[in-house]
Amino acid sequence: MTVYNKAAFLPLVLHWLDAEWQQTGGEIIIVNDGSTDDSAAVLDDFAGSRPHVRVIHQQNQGVSAATNAGVQACREQSIRLVDGDDLLLPGSTLALHRAATQTGCTSAFGLWGDWTLASPPQAEETTWSAPRVVTDPLRLALKSQMFVPSSVLLGRKDADRIFPIGTTLRTSQDFVISLRLAVLGPVAALPQRVCVMGKDEHGLSRSKAKMYADSARIIADHWQDWSPAHRRYAIRRNAQRAYLYARRHLSLSGSEMARLQMLRLLSYLPLPVSEAAPQHIANSYAEALRSPQDYP
(Lines give C-alpha, C1' and ligand atoms only; values in the text may rest on other atoms or scores of the structure.)
Protein backbone atom coordinates (compact mmCIF):
# COMPACT_ATOMS: atom_id res chain seq x y z
CA MET A 1 0.00 0.00 0.00
CA THR A 2 1.29 3.46 -0.91
CA VAL A 3 0.47 6.44 1.30
CA TYR A 4 0.94 10.17 0.93
CA ASN A 5 -0.97 12.46 3.31
CA LYS A 6 -3.93 10.14 3.87
CA ALA A 7 -4.20 10.43 7.65
CA ALA A 8 -7.94 11.15 7.54
CA PHE A 9 -8.63 8.02 5.50
CA LEU A 10 -6.20 5.63 7.19
CA PRO A 11 -8.19 4.47 10.25
CA LEU A 12 -10.93 2.92 8.11
CA VAL A 13 -8.58 1.88 5.28
CA LEU A 14 -6.28 0.03 7.68
CA HIS A 15 -9.22 -1.59 9.48
CA TRP A 16 -10.51 -3.01 6.20
CA LEU A 17 -7.00 -3.96 5.11
CA ASP A 18 -6.46 -5.89 8.32
CA ALA A 19 -9.79 -7.67 7.81
CA GLU A 20 -8.61 -8.80 4.37
CA TRP A 21 -5.36 -10.05 5.89
CA GLN A 22 -7.37 -12.16 8.35
CA GLN A 23 -8.65 -14.09 5.30
CA THR A 24 -5.52 -14.22 3.19
CA GLY A 25 -2.54 -14.27 5.52
CA GLY A 26 0.76 -13.20 4.02
CA GLU A 27 2.28 -9.79 4.60
CA ILE A 28 1.31 -6.13 4.44
CA ILE A 29 3.93 -3.76 3.03
CA ILE A 30 3.15 -0.04 3.42
CA VAL A 31 5.28 2.69 1.81
CA ASN A 32 4.92 6.12 3.36
CA ASP A 33 6.02 8.45 0.55
CA GLY A 34 7.19 11.39 2.66
CA SER A 35 3.80 12.30 4.15
CA THR A 36 3.70 15.66 5.92
CA ASP A 37 0.52 15.00 7.90
CA ASP A 38 0.01 12.40 10.66
CA SER A 39 0.12 9.43 8.28
CA ALA A 40 3.55 8.20 9.46
CA ALA A 41 2.46 8.04 13.10
CA VAL A 42 -0.80 6.28 12.23
CA LEU A 43 1.06 3.70 10.14
CA ASP A 44 3.72 3.03 12.78
CA ASP A 45 1.02 2.57 15.41
CA PHE A 46 -0.80 0.11 13.12
CA ALA A 47 2.38 -1.89 12.50
CA GLY A 48 3.52 -1.87 16.14
CA SER A 49 1.52 -4.91 17.30
CA ARG A 50 1.40 -6.69 13.93
CA PRO A 51 4.57 -8.60 12.96
CA HIS A 52 3.17 -9.21 9.46
CA VAL A 53 3.12 -5.45 8.73
CA ARG A 54 6.19 -3.59 7.50
CA VAL A 55 6.22 0.19 7.02
CA ILE A 56 8.83 1.74 4.74
CA HIS A 57 9.37 5.47 5.18
CA GLN A 58 10.97 7.33 2.28
CA GLN A 59 11.32 10.90 1.06
CA ASN A 60 8.56 11.98 -1.30
CA GLN A 61 9.29 10.60 -4.75
CA GLY A 62 5.81 10.07 -6.19
CA VAL A 63 3.40 7.16 -6.30
CA SER A 64 5.32 5.22 -8.97
CA ALA A 65 8.53 5.21 -6.93
CA ALA A 66 6.57 4.24 -3.82
CA THR A 67 4.91 1.36 -5.66
CA ASN A 68 8.29 0.19 -6.97
CA ALA A 69 9.67 0.15 -3.42
CA GLY A 70 6.68 -1.79 -2.09
CA VAL A 71 6.74 -4.43 -4.82
CA GLN A 72 10.48 -4.89 -4.39
CA ALA A 73 9.98 -5.55 -0.69
CA CYS A 74 7.23 -8.16 -1.21
CA ARG A 75 8.04 -11.85 -0.78
CA GLU A 76 4.68 -13.45 -1.58
CA GLN A 77 3.61 -15.10 -4.85
CA SER A 78 0.57 -12.82 -5.29
CA ILE A 79 0.61 -9.04 -4.84
CA ARG A 80 -2.44 -6.82 -4.24
CA LEU A 81 -1.72 -3.16 -4.94
CA VAL A 82 -3.55 -0.70 -2.68
CA ASP A 83 -3.84 3.08 -2.75
CA GLY A 84 -3.76 4.74 0.65
CA ASP A 85 -7.38 5.92 0.56
CA ASP A 86 -8.96 2.84 -1.04
CA LEU A 87 -11.03 0.19 0.73
CA LEU A 88 -10.65 -3.46 -0.26
CA LEU A 89 -14.09 -5.06 -0.30
CA PRO A 90 -14.39 -8.09 1.99
CA GLY A 91 -13.25 -11.33 0.36
CA SER A 92 -12.15 -9.60 -2.83
CA THR A 93 -8.51 -10.68 -2.63
CA LEU A 94 -9.37 -14.36 -2.43
CA ALA A 95 -11.99 -13.86 -5.16
CA LEU A 96 -9.35 -12.36 -7.45
CA HIS A 97 -6.98 -15.21 -6.64
CA ARG A 98 -9.65 -17.78 -7.45
CA ALA A 99 -10.47 -15.97 -10.69
CA ALA A 100 -6.86 -16.20 -11.83
CA THR A 101 -6.56 -19.85 -10.77
CA GLN A 102 -9.85 -20.96 -12.35
CA THR A 103 -9.06 -19.32 -15.69
CA GLY A 104 -5.42 -20.33 -15.82
CA CYS A 105 -4.32 -16.69 -15.82
CA THR A 106 -1.51 -15.30 -13.71
CA SER A 107 -3.30 -12.08 -12.72
CA ALA A 108 -6.88 -10.83 -12.28
CA PHE A 109 -8.76 -7.56 -11.88
CA GLY A 110 -12.25 -6.36 -10.98
CA LEU A 111 -14.39 -3.24 -11.00
CA TRP A 112 -14.27 -0.32 -8.57
CA GLY A 113 -16.41 2.43 -7.07
CA ASP A 114 -16.02 5.52 -4.87
CA TRP A 115 -16.43 6.42 -1.23
CA THR A 116 -16.10 9.56 0.89
CA LEU A 117 -15.42 10.18 4.55
CA ALA A 118 -18.90 11.64 4.84
CA SER A 119 -20.54 8.41 3.67
CA PRO A 120 -18.30 5.39 4.28
CA PRO A 121 -19.60 2.07 2.95
CA GLN A 122 -20.64 -0.88 5.04
CA ALA A 123 -18.47 -3.99 5.00
CA GLU A 124 -20.70 -6.65 3.48
CA GLU A 125 -19.87 -10.09 2.16
CA THR A 126 -20.28 -10.56 -1.59
CA THR A 127 -21.36 -13.56 -3.63
CA TRP A 128 -18.75 -13.64 -6.36
CA SER A 129 -19.68 -14.33 -9.97
CA ALA A 130 -17.72 -16.46 -12.39
CA PRO A 131 -14.75 -14.68 -13.96
CA ARG A 132 -14.17 -14.17 -17.65
CA VAL A 133 -10.94 -14.18 -19.59
CA VAL A 134 -9.89 -11.00 -21.39
CA THR A 135 -8.14 -12.40 -24.45
CA ASP A 136 -7.04 -9.03 -25.85
CA PRO A 137 -6.23 -7.00 -22.74
CA LEU A 138 -4.10 -4.52 -24.69
CA ARG A 139 -7.06 -3.32 -26.76
CA LEU A 140 -9.14 -3.04 -23.59
CA ALA A 141 -6.40 -1.04 -21.85
CA LEU A 142 -6.20 1.33 -24.81
CA LYS A 143 -9.98 1.69 -25.07
CA SER A 144 -10.77 2.49 -21.44
CA GLN A 145 -9.31 2.29 -17.96
CA MET A 146 -8.84 -1.44 -17.44
CA PHE A 147 -8.34 -1.21 -13.69
CA VAL A 148 -7.21 1.01 -10.83
CA PRO A 149 -4.26 -0.24 -8.77
CA SER A 150 -6.44 -1.42 -5.88
CA SER A 151 -8.62 -3.53 -8.19
CA VAL A 152 -5.85 -5.79 -9.52
CA LEU A 153 -4.10 -8.84 -8.09
CA LEU A 154 -0.77 -9.58 -9.76
CA GLY A 155 0.91 -12.95 -9.87
CA ARG A 156 4.57 -12.76 -8.89
CA LYS A 157 5.70 -13.70 -12.41
CA ASP A 158 3.73 -10.82 -13.92
CA ALA A 159 4.80 -8.36 -11.22
CA ASP A 160 8.47 -9.14 -11.80
CA ARG A 161 8.04 -8.33 -15.50
CA ILE A 162 6.02 -5.16 -14.93
CA PHE A 163 8.12 -3.53 -12.22
CA PRO A 164 9.95 -1.29 -11.72
CA ILE A 165 7.96 1.32 -13.62
CA GLY A 166 9.28 4.73 -14.63
CA THR A 167 9.09 7.57 -12.14
CA THR A 168 9.44 10.57 -14.48
CA LEU A 169 5.68 10.92 -15.04
CA ARG A 170 3.79 11.25 -11.78
CA THR A 171 0.37 10.56 -13.27
CA SER A 172 -1.25 7.52 -14.89
CA GLN A 173 0.70 4.80 -13.10
CA ASP A 174 -2.36 2.57 -13.50
CA PHE A 175 -2.14 3.06 -17.29
CA VAL A 176 1.52 2.03 -17.29
CA ILE A 177 0.78 -1.06 -15.20
CA SER A 178 -2.17 -2.05 -17.40
CA LEU A 179 -0.16 -1.70 -20.63
CA ARG A 180 2.71 -3.75 -19.25
CA LEU A 181 0.35 -6.42 -17.93
CA ALA A 182 -1.65 -6.48 -21.16
CA VAL A 183 1.25 -7.65 -23.32
CA LEU A 184 1.97 -10.62 -21.04
CA GLY A 185 -1.13 -12.57 -22.07
CA PRO A 186 -4.80 -13.07 -21.14
CA VAL A 187 -6.05 -11.67 -17.82
CA ALA A 188 -8.95 -12.82 -15.64
CA ALA A 189 -11.70 -10.29 -14.94
CA LEU A 190 -14.41 -10.25 -12.27
CA PRO A 191 -17.64 -8.43 -13.24
CA GLN A 192 -18.01 -6.94 -9.76
CA ARG A 193 -16.48 -4.23 -7.61
CA VAL A 194 -13.48 -5.36 -5.60
CA CYS A 195 -12.56 -1.98 -4.10
CA VAL A 196 -13.84 1.55 -3.59
CA MET A 197 -11.63 4.62 -4.09
CA GLY A 198 -11.51 7.41 -1.55
CA LYS A 199 -12.52 10.83 -2.82
CA ASP A 200 -11.33 14.09 -1.30
CA GLU A 201 -14.53 16.08 -0.77
CA HIS A 202 -12.59 19.34 -1.04
CA GLY A 203 -11.16 18.16 -4.32
CA LEU A 204 -7.74 18.62 -5.85
CA SER A 205 -7.39 20.09 -9.30
CA ARG A 206 -6.35 17.26 -11.59
CA SER A 207 -5.90 18.49 -15.11
CA LYS A 208 -7.12 16.09 -17.73
CA ALA A 209 -4.69 17.72 -20.13
CA LYS A 210 -1.75 16.52 -18.01
CA MET A 211 -3.17 13.01 -17.81
CA TYR A 212 -3.96 12.86 -21.54
CA ALA A 213 -0.53 14.18 -22.53
CA ASP A 214 1.19 11.70 -20.22
CA SER A 215 -0.88 8.87 -21.68
CA ALA A 216 0.35 9.70 -25.17
CA ARG A 217 3.96 9.77 -23.94
CA ILE A 218 3.46 6.46 -22.15
CA ILE A 219 2.20 4.91 -25.39
CA ALA A 220 5.35 6.12 -27.18
CA ASP A 221 7.45 4.47 -24.47
CA HIS A 222 5.67 1.11 -24.64
CA TRP A 223 4.49 0.42 -28.17
CA GLN A 224 7.72 -0.95 -29.67
CA ASP A 225 6.52 -4.57 -29.48
CA TRP A 226 2.84 -3.97 -30.22
CA SER A 227 1.16 -5.24 -33.36
CA PRO A 228 0.49 -2.68 -36.13
CA ALA A 229 -3.24 -2.97 -35.40
CA HIS A 230 -2.75 -2.07 -31.73
CA ARG A 231 -0.53 0.87 -32.68
CA ARG A 232 -3.14 2.22 -35.05
CA TYR A 233 -5.87 1.78 -32.46
CA ALA A 234 -3.81 3.68 -29.87
CA ILE A 235 -3.30 6.59 -32.25
CA ARG A 236 -6.96 6.61 -33.30
CA ARG A 237 -8.22 6.80 -29.70
CA ASN A 238 -5.72 9.39 -28.52
CA ALA A 239 -5.82 11.63 -31.59
CA GLN A 240 -9.61 11.80 -31.38
CA ARG A 241 -9.47 12.58 -27.66
CA ALA A 242 -6.88 15.33 -28.27
CA TYR A 243 -8.98 16.80 -31.08
CA LEU A 244 -12.14 16.93 -28.95
CA TYR A 245 -10.26 18.37 -25.97
CA ALA A 246 -8.62 21.05 -28.12
CA ARG A 247 -11.93 22.00 -29.73
CA ARG A 248 -13.51 22.57 -26.31
CA HIS A 249 -10.67 24.10 -24.34
CA LEU A 250 -7.70 25.19 -26.49
CA SER A 251 -6.92 27.58 -29.32
CA LEU A 252 -4.94 25.36 -31.69
CA SER A 253 -4.43 26.58 -35.25
CA GLY A 254 -6.44 25.13 -38.09
CA SER A 255 -3.42 23.20 -39.34
CA GLU A 256 -2.80 21.67 -35.90
CA MET A 257 -6.42 20.61 -35.63
CA ALA A 258 -6.29 19.18 -39.14
CA ARG A 259 -3.16 17.19 -38.29
CA LEU A 260 -4.90 15.56 -35.34
CA GLN A 261 -7.81 14.60 -37.56
CA MET A 262 -5.42 13.29 -40.21
CA LEU A 263 -3.67 11.10 -37.65
CA ARG A 264 -7.02 9.66 -36.64
CA LEU A 265 -8.18 9.02 -40.20
CA LEU A 266 -4.89 7.47 -41.31
CA SER A 267 -5.08 5.05 -38.40
CA TYR A 268 -8.00 3.30 -40.10
CA LEU A 269 -5.72 2.31 -42.99
CA PRO A 270 -3.28 -0.64 -42.84
CA LEU A 271 -0.28 1.68 -43.03
CA PRO A 272 2.78 2.02 -40.75
CA VAL A 273 2.24 4.50 -37.94
CA SER A 274 4.78 7.29 -37.55
CA GLU A 275 6.99 6.94 -34.47
CA ALA A 276 6.43 10.66 -33.89
CA ALA A 277 2.62 10.38 -33.76
CA PRO A 278 2.24 9.88 -29.96
CA GLN A 279 4.58 12.77 -29.19
CA HIS A 280 2.69 15.05 -31.58
CA ILE A 281 -0.53 14.16 -29.77
CA ALA A 282 1.11 14.91 -26.42
CA ASN A 283 2.38 18.25 -27.73
CA SER A 284 -1.15 19.32 -28.67
CA TYR A 285 -1.87 19.84 -24.94
CA ALA A 286 1.04 22.29 -24.49
CA GLU A 287 -1.21 25.35 -24.14
CA ALA A 288 -3.02 23.83 -21.17
CA LEU A 289 0.17 22.55 -19.55
CA ARG A 290 2.02 25.86 -19.58
CA SER A 291 -0.94 27.97 -18.47
CA PRO A 292 -1.26 28.99 -14.79
CA GLN A 293 -5.05 28.72 -15.00
CA ASP A 294 -6.94 25.53 -14.26
CA TYR A 295 -7.93 23.40 -17.21
CA PRO A 296 -10.53 20.64 -17.00
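Predicted model: local features only at pLDDT ≥ 70, side-chain atom pairs only at ≥ 80, totals over all residues.
I take buried to mean under 20% relative accessible area, exposed over 50%, and partly exposed in between, with a 1.4 Å probe and protein chains only. Residues are numbered from 1 along each chain as its sequence is written, and side-chain values use heavy atoms, with hydrogens and water left out.

**Ile30**

I looked up Ile30 first. Its relative accessible area is 0%, so Ile30 is buried. Ile30 sits in strand β2; strands (E, at least two residues) and helices (H or I, at least four) are DSSP runs numbered from the N terminus. I count a contact when heavy atoms lie within 4.5 Å. Leaving out residues up to four places away in sequence, Ile30 touches Met1, Val3, Leu14, Leu43, Phe46, Val53, Arg54, Val55 and Ile56. I also checked Gly113: it is 83 residues from Ile30 along the chain, and their C-alpha atoms are separated by 22 Å.

**The sheet**

I then followed the strands, where two strands pair if DSSP finds at least two bridges between them. The sheet is open, has three strands in the order β1-β2-β3, and its pairing is parallel. β1 (2-3) and β3 (53-58) are the edge strands with a single partner each, so one side of each has no neighbour in the sheet. β1 and β2 (residues 28-33) run parallel and are joined by two bridges. For Val3, I find Asn32 as the bridge partner in β2. Helix α3 (residues 63-73) packs on the sheet and touches β1, β2 and β3, its direction making about 150° with that of β2. For such angles, axes are lines fitted to C-alpha atoms, for helices over the stretch in contact, and values run from 0 to 180 degrees between N-to-C directions.

**Asn5**

In the loop between β1 and α1 I noted Asn5. Its phi is positive, about 55°, although Asn5 is not a glycine. With 27% relative accessibility, Asn5 counts as partly exposed.

**Helix α1**

Helix α1 (residues 10-24) has 15 residues and spans 20 Å from first C-alpha to last, close to the 21 Å expected at 1.5 Å a residue. The expected span is 1.5 Å times one less than the number of residues. I list Leu10, Val13, Leu14, Trp16, Leu17, Asp18 and Glu20 of α1 as buried. Gly25 follows α1 and has a positive phi, near 70°.

How far apart are the axes of α1 and α4? They are 8 Å apart, and α1 and helix α4 (residues 92-103) pack at an angle of about 45°. That makes α1 oblique to α4; under 35 degrees counts as roughly parallel, over 145 as roughly antiparallel, 65 to 115 as roughly perpendicular, and the rest as oblique. Glu20, Gln23 and Thr24 of α1 meet Ser92, Thr93 and Leu94 of α4. I sort the residues of this contact into one nonpolar, four polar and one charged. Here Ala, Val, Leu, Ile, Met, Phe, Trp, Tyr, Cys and Pro count as nonpolar, Asp, Glu, Lys and Arg as charged, and the others, Gly among them, as polar.

**Further along the chain**

Phe163 and Pro164 are joined by a cis peptide bond, with omega about 5°. I place Pro164 in the loop between α6 (156-162) and α7 (173-182). Ala229 lies in helix α9 (residues 228-249) and, at 42% relative accessibility, counts as partly exposed. From Ala229 to Thr93 I note 136 residues in sequence and 34 Å in space, C-alpha to C-alpha.
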